[in-house]
Amino acid sequence: MSAAASYVTDTEVTGAEPVGVTLPNPVRRILVVDDSRAQRRILSSSLSRQGYEVIEAATGDEALAICREQDLDLILSDWMMPGMDGLELCEAFRALPREGYVYFILLTSKTDKGAVAQGLDVGADDFLAKPVNPDELRARINAGGRILSMERELHQTNRLVSSTLAEIQSLYNSLDRDLIEARKMQQSLVREKYRDMGTAEVSLLLKPCGHVGGDLVGFFEAGPDKLAFYSIDVSGHGIASALLTARLASYLSDGSPAHNIALEASLDGSYTSRPPELVAKELNALLLNDIQSEHYFTMLLGYIDLKTGAVDLSQCGHPNAVVLTQDGNTRFVGDGGMPIGLIDGATFQSQRLQLGPGDRLLFYSDGFTECADSQGRLLDEDGFSKLLVKNRDATNENLFDLLVWDLDAYSGGQDLGDDLSCVMVTYKPDCA
């Protein structure tokens, strides 16, 4: 500090402020930097009486060394000092790696705007003109305290947010692992994707749009020379829908005829099929009265006579069945029907159709017909019919692969947004 510099006296700094006042701000430790020992003692004595812990430094280099080793809340530094001045100290201090913010006030006799702008550019937060006015000093420290309070509150909030996000990520990772396992378990519900029954073949496709979905397809033997097959689409997506499909799979199990709701025992111990409309009625009662799920589902349940090719089916709100004939034409069959699980006491109907040699009957989910292109236009039955005709020479799993490929092309590579499932029965009496 030059000999001509102005100094503050103890009276100028302290005024009549009470000793030992606890200020409502987070400023506790202050570093006073000044090459004048007398000026440092005056400022330090005043700040100590106000309850602050004060550290002194005679040079910028000494102050910087203290900053590297100690935690500070505020730095009060003279601008004009030999060697490293206050401006250079501020710039060097801001370059130090620190977690928390420290408020920096420069003491200066400079009043021109250019000097103030220079100080702000290097990281100074505030300025005090010399000689220091005690009320103004107290107000500037309090202002710095408010800034530090907000900064520390924000820092704490960010830590809480980071911690919460880390916890959420951990939960998400755990859930993702569980969903991957759930997908494996759901895929295991389709234990057999293809079976050759001699006069008929049955093929299954189950492709959830997410980890797990609400679609279910399957087949089971339903008595002598009869094969049952079904397609189910539970409302919604995700775990709840997948759990309901697992419950429904247990009611239509191929491995436990005694627990299969579509079969009934004969006197000789064998099992025969129940009419499909009665199966739908009982599932409706189970869903509403026993399971009491918020979900409902659509279904197509059919039985094919392996000797004659006659099919009895019940449509319960599911998309219409489609027959792809031997000569490459398509014919949609169905009249809608009521979904299962919406109305207590609902009744369901059945109908019969006849398959000819080489005909294929498909029960499919609405993920096919409701596939949208980039303009939002749905594929609908006409578009689905064209895809079937286009790929009529493919059979079984190859046909499914080509249909999925064409759906992806139709959607422009967009997420299909819905599960895809299909059960296809091919009647081939000439192969018996």
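Entry 1: S44. I began from the rule that a residue is called buried when its relative accessible area is under 20%. I then looked up S44 in this predicted model and found a relative accessible area of 3%, so S44 is buried. S44 sits in helix α2, which covers residues 37–49. Setting aside residues up to four places away in sequence, I listed V32, V54 and E56 as the residues that S44 touches. For V32 I also looked up the spacing: its C-alpha atom is 7.0 Å from that of S44, and the two residues are 12 apart along the chain.

Entry 2: confidence. I noted an average pLDDT of 86 for the chain, with 89% of the residues scoring at least 70. Residues 1–23 stay under 50. For this stretch the model has 53 contacts beyond four places in sequence.

Entry 3: strand β17. I looked up strand β17 (360–364) and found five of its five residues buried. R360, L362 and Y364 point one way from the strand, while L361 and F363 point the other way. I recall that side chains in a regular strand alternate between the two faces of the sheet.

I next asked which strands pair with β17. β14 pairs with β17 in the antiparallel sense over three bridges, and V322 stands opposite L362. β18 also runs antiparallel to β17, and five bridges join the two.

Entry 4: T426. Strand β18 spans residues 420–427 and contains T426. Is T426 buried or exposed? Its relative accessible area is 12%, and T426 is therefore buried. Leaving aside neighbours within four places in sequence, I recorded contacts of T426 with T199, A200, E201, D359 and R360. R360 is one of the buried residues of β17.

Entry 5: helix α10. In α10, residues 380–390, I found G383, F384, S385, L387 and L388 buried. What covers the buried residues of this helix? The cover includes strands β14 (321–324), β15 and β17, together with helices α9 (366–369) and α11 (396–410). D380 also belongs to α10. With 41% relative accessibility, D380 counts as partly exposed. Its phi is near 60°, a positive value in a residue other than glycine.

Entry 6: backbone in the loops. I found a positive phi of about 55° at D225, which is not a glycine. D225 lies in the loop between β8 (215–221) and β9 (226–234). Its relative accessible area is 37%, so D225 is partly exposed. I also looked up the peptide bond between K130 and P131, which is cis, with omega about 0°. P131 is in the loop between β5 (126–129) and α6 (134–188).

Entry 7: a surface patch. I asked which residues make the nonpolar surface patch of about 330 Å². They are Y296, M338, L342 and I343. I followed I343 to the loop between β15 (330–333) and β16 (351–354). I343 has 43% relative accessibility, and for this reason counts as partly exposed.

Notes: Residues numbered from 1 in each chain as written. Predicted model: local features only at pLDDT ≥ 70, side-chain atom pairs only at ≥ 80, totals over all residues. Heavy atoms only, no water. pLDDT = per-residue confidence, 0-100. Contact = heavy atoms within 4.5 Å. Patch = residues over 30% accessible without salt bridge, like charges linked within 9 Å, V, L, I, M, F, W, Y side chains within 5 Å. Areas by Shrake-Rupley, 256 points an atom, 1.4 Å probe, with all protein chains shown as cover. Salt bridge = Lys/Arg side-chain N within 4 Å of Asp/Glu carboxyl O. Helix = DSSP H or I, 4+ residues; strand = E, 2+ residues; numbered from the N terminus. Buried < 20%, exposed > 50% of the residue type's maximum accessible area, 1.4 Å probe, protein only. Pairing = 2+ DSSP bridges.
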